[in-house]
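Student: I'd like to learn how to read a structure one feature at a time. Could you walk me through it?

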Amino acid sequence: MSMTMRCRSTSILSTLRRLRGARYRLLGGLCLASALLAAGCGGGSSSQRGDEPARPTFRLEVVAELPSAATPAPQTGGSLDGSDIGALALLPDGALLAGDVGARRILRIAPGGGVTTIVDANGRKAGGRDGSGEAPLATPADLLPQPDGTILVADHWAGCIRRILPGASEAVLVGYRGRCVSVGGALEEGPMVPTDGPFQTAVMNSPAGLSESPFGILVADSWMLRLLTAENQVITLYSGQGFPGSLPWFTSVAWDETRNVGYATSVVGTPFPLVRILPTDAGLRVEPLATKGEPIRWASDVAVCPSGRVFVAATMSDALYELDPEAGELRLAFGVPRSGPNPDPSTPLPQPRGLTCAPDGSLYLVTGFGANRIVRLVPE
Amino acid sequence: MRVFHVLVVGGAALLTSGCWVGVGTPYSGHWDRFGFAHPSSHHRPWGGEWATDFYAPPGTPGAFYSSTASGAAWGLVARLGGSCGNAQYWAGYVVIVDVHDDSGRRGWVAYAHVQDTWGGTWYRPSVGQLLTNGSGLGWTDRWPTSPCYQVTNDAGVHWHLELWQVKGNPPTYSCYEPYTSGQYLLQNSPFGRIGTTVSAERSPCP
């Protein structure tokens with residue numbers, strides 16, 4: 001859920017280094033990489049066979065840890081009630097935005113380390129003024145800062161994209177006929193049949209990923225990839241409803257300025273975990289991105305770095321991959337892919353999410369099973 | 001309004017009388033198998049009035065069932081979503097079904113952690129689709145363990161069931177049949193009612 005346009009600040013690294021000593025327990029500089037790599041857990045080339053291309057190597061630094069809920073008990077089937085950070089974005093001033101889908105709020109982690117709430121669980125800005133969105137913030141699944149200072153928020157369960165304006169007031173960009181819906185009760189108006197057209201009449205389903213593109217804002221919206229045009233129109237570029245097998249579920253989209261192409265990930269592995277969005281004379285075309293190399297399941301997040309390197313997080317596989325778009329090859333970049341449905345407690349990158357690339361090519365993401373550890377992977 | 005009902009636990013069709021709609025279990029399985037998900041306290045992520053987990057092995061097909069005294073009840077798929085608020089966790093679909101009878105829309109039932117494909121076969125509930133008794137919803141499956149789906153073996157595989165009803169004035173709420181945790185129920189056993197006169201959330205049916 002990232003792209004190069006959102007992370008152009010040159011001061012990001014220096015400001016994030018200053019995050020130490022904040023109100024929350026910040027562990028910037030406490031590098032776990034050496035221990036992980038020594039244990040053979042990282043993406044180090046020492047584990048490579050001689051005839052394979054060298055995997056990228058990263059140094060892992062823990063940037064911050066936010067309070068999370070207690071360790072989950074088995075078989076409860078429940079959700080944690082505490083923080084669950086699902087999205088990260090970098091601001092031009094070096095601050096880090098975090099979408100907390102567990103506590104239903106958006107946090108700003110200042111360069112100096114202070115953590116403040118921009119929008120809280122009740123859809124009110126900090127300080128208590130009501131937001132203008134009809135339904136409270138539900139699940140901020142992705143964040144897209146805009147050049148004018150507003151922040152677009154993909155509110156997954158509320159079925160809308162909100163605009164957080166300077167001063168933290170809210171507006172709805174597009175949703176269910178111009179509004180956000182409460183998770184269950186707002187179904188009173190009948191089935192939420194996805195509909196294209198002007199923002200005020202269009203119907204979104206469950207937007208989870210946002211990205212700028214030269215053609216408008218790309219949206220990963222459940223089984224659809226959609227485009228929000230500058231003319232305030234919603235256009236569905238692709239719908240998985242017409243294909244047999246499991247319905248794809250798109251959760252992330254990113255535009256590659258280097259290659260003038262977009263990518264989207266689907267957490268449901270079939271019919272394909274990755275697609276490519278190609279400009280054509282007739283508009284944008286979506287096609288499967290056949291990949292070779294490491295098999296990948298649960299592709300959930302994609303980020304494109306300014307250099308053109310493309311990374312894919314597989315949240316439910318506990319691993320980060322690098323995509324070679326020209327060769328269509330995926331290579332393990334960091335972590336140990338989960339071999340079964342249960343996580344390995346010692347895995348070095350449990351459930352990576354919120355993937356974002358910084359201008360220097362380092363990656364920021366959230367990791368931890370039931371935890372919210374914000375880490376930085378620095379290329380070596 | 002007087003309410004008469006005969007609720008047969010054992011897979012027989014619901015036989016109800018009165019103004020409420022009964023909803024039947026989607027498959028045969030265990031009600032709150034481990035006592036972690038009792039409807040008096042289980043979480044309600046979709047804003048319903050009560051919820052529980054209903055357990056069955058992976059690959060068990062599930063279907064929609066509802067009934068009134070006249071037998072005229074049906075469902076409309078109102079929303080097809082992901083089961084987890086964090087979209088990057090994946091634990092199957094949630095299918096939210098509006099429940100209707102001759103008097104109109106009465107409420108909804110949500111089925112979460114639904115698998116839409118099994119063994120080369122797939123169900124694809126689409127938004128707006130009409131569901132009658134026995135209409136397929138999907139299968140149970142064991143999803144990767146995450147904070148959203150804290151299951152670590154096949155015995156924990158379940159669908160999350162959640163109910164809500166259209167409010168009157170004063171507000172009334174859907175209710176659950178007061179089964180014992182761990183009780184085994186056959187498919188289409190009544191498990192909740194929509195359109196009741198119950199006055200509190202998370203209440204057993206009278």
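Student: Let's start with a single side chain. Is Arg59(A) buried, partly exposed or exposed?

Tutor: Keep in mind that this is a predicted model. For a question like yours, go by relative accessible area: under 20% is buried, over 50% is exposed, and in between is partly exposed. Arg59(A) has 29% relative accessibility, so it counts as partly exposed.

Student: And which residue does the side chain of Arg59(A) meet in a salt bridge?

Tutor: That would be Glu380(A), with N to O at 3.8 Å. The cut-off for a salt bridge is 4 Å, so this pair makes the list. Glu380(A) itself counts as exposed because its relative accessibility is 58%.

Student: What about Asp100(A) and Arg105(A): are they buried or exposed?

Tutor: Asp100(A) is buried, at 0% relative accessibility. Arg105(A) has 19%, and that counts as buried as well. These two form a salt bridge, with 2.9 Å between the closest N and O atoms.

Student: Now aromatic rings. What describes a pair of them?

Tutor: You want the distance of the centres and the angle of the planes. A search of the whole structure turns up 21 aromatic pairs over all chains. One of them is Trp50(B) with Tyr176(B), a tilted pair at 5.5 Å centre to centre and 55° between the planes. Trp50(B) lies in strand S5 (residues 50-55) of chain B and Tyr176(B) in strand S16 (residues 173-176), so the pair ties together parts 126 residues apart in sequence. Both residues, Trp50(B) and Tyr176(B), are buried.

Student: Why is the pair Tyr111(B) and Trp159(B) edge-to-face?

Tutor: Look at the angle: planes over 60 degrees apart count as edge-to-face. For Tyr111(B) and Trp159(B) the planes are at 70°, with the ring centres 6.0 Å apart, so the pair is edge-to-face. Tyr111(B) is in strand S10 (residues 104-114) of chain B and Trp159(B) in strand S15 (residues 158-165), so here the parts tied together are 48 residues apart in sequence. Tyr111(B) and Trp159(B) are both buried.

Student: Which rings are linked into a cluster?

Tutor: Ring pairs join Trp223(A), Trp249(A), Trp298(A), Trp90(B), Tyr93(B) and Trp143(B) into a cluster.

Student: That brings me to the interface. How many residues does the contact take from chain A and from chain B?

Tutor: Chain A gives 60 residues and chain B gives 52 residues. About 4,500 Å² is buried between the two chains, 56% of it on carbon and sulfur atoms. When you read an interface, look at the kinds of contact as well: there are 26 residue pairs in polar contact, both at pLDDT 80 or more, and 0 salt bridges between chain A and chain B. On the side of chain A that touches chain B, strand S2 (85-90), strand S20 (299-304) and strand S24 (353-357) each supply at least two residues. The residues of that side divide into 29 nonpolar, 25 polar and 6 charged.

Terms used: Residues are numbered from 1 along each chain as its sequence is written. Chains are lettered from A and ligands numbered from 1 in the order in which they are written. Side-chain values use heavy atoms; hydrogens and water are left out. Contact means heavy atoms within 4.5 Å. Buried area is the accessible area (1.4 Å probe) that two parts lose on being put together, summed over both. A polar contact is a pair of N or O atoms within 3.5 Å; within protein, one must be able to donate a hydrogen and the other to accept it, and residues adjacent in sequence count only if both atoms are side-chain atoms. Helices (H or I, at least four residues) and strands (E, at least two) are DSSP runs, numbered from the N terminus. Ala, Val, Leu, Ile, Met, Phe, Trp, Tyr, Cys and Pro count as nonpolar, Asp, Glu, Lys and Arg as charged, and the others, Gly among them, as polar. Rings of Phe, Tyr and Trp (its six-membered ring) pair if their centres lie within 6.5 Å; planes under 30 degrees apart count as stacked, over 60 as edge-to-face and the rest as tilted. Buried means under 20% relative accessible area, exposed over 50%, partly exposed in between (1.4 Å probe, protein chains only).
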